[in-house]
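Please read the following briefing alongside the sequence and the coordinates. The lead sentences come first, and the points grouped by topic follow.

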Amino acid sequence: MAQYTFSGGIHPYDGKELSKDKPIRDVLPKGDLVYPVSQHIGAPAKPIVQVGDKVKAGQMIAEAGGFVSANIYATVSGTVKAIAKHRVPVGDMVDSIIVENDGLYEEVEYTPAKPLEEQSKEEIIAAVKEAGIVGMGGAGFPTHVKLSPKDPNAIDYVIANCAECEPYLTSDYRRMMENPELLIGGMKCVLKLFDNAKGIIAIEDNKPDAIELLSRLTKDEPRIEVYALQMKYPQGSERHIIYACTKRAINSKMLPADAGCIVNNCDTLVAIHEAVTKHVPLMYRIVTVTGDAIKDPRNFKVRCGTNYKELIEEAGGFVAEPEAVISGGPMMGFSLFDLDVPVTKTSSALLCMKEDIVSRVQESACINCGRCVDACPEKLIPSQLATYAEHEDYEEFNRLYGVECIECGSCTYVCPAKRQLAQAIKSMKKLAIGKARAEAAAAKAKAEAASAGKGGDA
Amino acid sequence: MAEENKNMLNVSSNPHVRDSITTQKIMVYVIIALLPATAFGIWHFGAYTIAVILTTVISSVIFEYLYEKLMKLPITISDGSAALTGLLLALNLPPRIELWVCVIGSFVAIVVVKQLFGGLGQNFMNPALGARCFLLIAYAGKMTNFAYDSFTGPTLLAQLKEHANVNTFNMVIGNEMGTIGEVSVIAIVIGACFLILMGVIDLRIPASYIISFTLFIILFGGQGMNAYYVTAHLAGGGLMLGAFFMATDYVTSPITTKGKIIFGVFCGIMTGVFRVFASGAEGVSYAIILGNLLVPLIERWAPLRHFGYVDPKKGGGKA
């Protein structure tokens, strides 16, 4: 069998045994629900409710603020209590709609959808857009934008990203085991948009039962195939899952569509299925609450907007005071300094660790061992990039292609000198991209001024 | 504000987990990997070598401590790098070298080659080899006198150069004259296997070094595909110690795969040039030091191809 993988990457302790066999349990929120208007990449959504308005679950409360943006829906019934800044998992204060839960969980009636076979491509994309679906793997890119490439006929593969390479996370795994038909249904919805595409459900080989189950369920589907990917972090990275499945490599300036691919996360495909076949908006997501500080690690089906504190209570609370709590997985998640934050569309996990290893390690001099180079899935030289980043040396940083970094953190993980490589490169990458944009804009303005000047002379 | 901070959780940038490997562990692994060659050297050359080894190791650590103390730098002797440099230096010295020469060697290695250029990670040549080459020039007679007990005369490698028949079996097991750590190929390879298993080194540098050296000897050694002659060259002198333990020094070798292979091939060819065309019989130390000096250039030359690199001339993605 061909080996589906990429070069580089790491094998951290995966911690999935804590929660992988715990079935998904519904969580009913008790307290207020908080809906930040920015839960996605792109323009913030615009609130369309006022303080004091009554809302029901499934009712739109904020509408997309542009093409690259997403609608936001209430997930419980209640009253809009405030529209104010609230802390979000990444640490920022973001304008949020705060709904006081009336405990009735009344839901709106959804307009019935036509069977998938009778729906046009435009109707499918419109339903996805209406439902406010964004990439639920973590990036939060609006899905309807992804589904609208320039040339739909040039798409050869639709890839379901079910790698779940982040340690500790089991939310996608539980989805696959408990609702495989919804995942396959979502895949069919997307395949309907791309006539020439083959569907690939890509799963890391540390989940043999999920591979077996989905292979069995798709054996009569001529357009869908299940690929077993070699287990390795960051296999779930969009660029690297495309490479593993198709051997096509894209860089930071390209989109998956440039390689003839559309990639969607497992939970996103489930949301697409619900939106297209039932017109149900994105309201729920699966969240793994885990870590050695949690009494009863579990997977929950959570209404977006639920406070993280409630999830910790649902998981039996802490067995010990955690030193670090992370929204997401240990490799790419955000550490929280305050637990009073809501579950958003992109919250995949809540990881509570008794011991914060990072605070105990001591940084020392780079010995040029090259472990970061061997681990880098982008084939960069993280140790040198980090040094140039610390010196703010744009020229050298760009010469070594610093902007190609995917911020996976593999370099920092393997570094024996415990340098904060990814952090340095990430910060510099933002500056470098900003600088390049500013320079491009200045050059453009100059060119325009020059051509306008010429026009004036004539 | 202070009250508020107390309830806050620890925050840091991702990732939030770390591999258990540390610089200190790497140094300890390399020291362990050198023990077979060290033990063989002591057994083969006698108890005096223990004094040589202890002198270089202890004086290296003391020089590092004193320099850092004097310059008000953080004391880093616990990372094990100074002790490792001391051990490597001892393994590159003749078995009957005077102890004061050892102390001078340690001084050159730690203070001149390593600390004056910024300490761990900043030296541009392998400290132990730098010190060895300094001593070779400063005390040529002492450094090339490999006599011990009743054994005197030229080394097997020097005899090979004079077209004498040498016993390659003795060269492989280490029953010959040479520096303390270089004589036994078997002991060195056992240590190298341990390092490879522990993930400290890999074969990119040693293999490109040894293969290019072998090809050079076949092409220019004057004996063609003479297996006996090639084996004698591979097993003789410091080639194995150099290829597995000196050329693979992290700080003074390139970081990328392409760079490592260019570096290995360069060292292999230069070793061949020194052994075949120069007046002396040996050239591993000089070859590796020359390679060390070229590392910044190699890293500039070796083209970097990131994931998804698009050749500006051709277009189209490529891994």
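How many helices and how many strands are there in chain B? Chain B has 15 helices and 2 strands, where helices (H or I, at least four residues) and strands (E, at least two) are DSSP runs numbered from the N terminus. This is a predicted model, in which local features need pLDDT of at least 70 and side-chain atom pairs count only at pLDDT 80 or more, while totals for chains, interfaces and linings use all residues. Residues are numbered from 1 along each chain as its sequence is written, and chains are lettered from A and ligands numbered from 1 in the order in which they are written.

**Chain B**
- Along its principal axes, the C-alpha trace of chain B spans about 80 × 55 × 30 Å.
- Of the 319 residues of chain B, 50% count as buried, a residue being buried if 20 or more other C-beta atoms, placed from the backbone, lie within 10 Å of its own.
- Among the contacts in chain B with a separation of 6 or more, 73% join residues 24 or more positions apart, two residues being in contact if their C-beta atoms, placed from the backbone, lie within 7 Å.

**Chain A**
- Chain A holds 14 helices and 17 strands.
- For its 458 residues the globule rule gives 23 Å, and the radius of gyration of chain A is 23 Å, so chain A is as compact as a globular protein of that length.
- The C-alpha atoms of chain A fill a box of roughly 70 × 60 × 50 Å along the principal axes, and 55% of the 458 residues count as buried.

**Domains of chain A**
- Chain A is divided into domain 1 (16–20 + 115–278) and domain 2 (371–438), with bounds that come from an automatic or database domain assignment.
- The centres of domain 1 and domain 2 of chain A, taken over C-alpha atoms, are separated by 29 Å, and the contact takes 7 residues from domain 1 and 6 residues from domain 2.

**Interface between the chains**
- In the interface, 54 residues of chain A are in contact with 34 residues of chain B.
- Elements of chain A that give two or more residues to this side include α6 (238–246), β15 (324–327) and α14 (421–457).
- The residues on the side of chain A that touches chain B divide into 33 nonpolar, 12 polar and 9 charged, where Ala, Val, Leu, Ile, Met, Phe, Trp, Tyr, Cys and Pro count as nonpolar, Asp, Glu, Lys and Arg as charged, and the others, Gly among them, as polar.

Note on methods: A residue is buried if 20 or more other C-beta atoms lie within 10 Å of its own, exposed if 12 or fewer, and partly exposed in between; C-beta atoms are placed from the backbone. The radius of gyration is taken over C-alpha atoms; the globule rule is 2.2 Å times the number of residues to the power 0.38.
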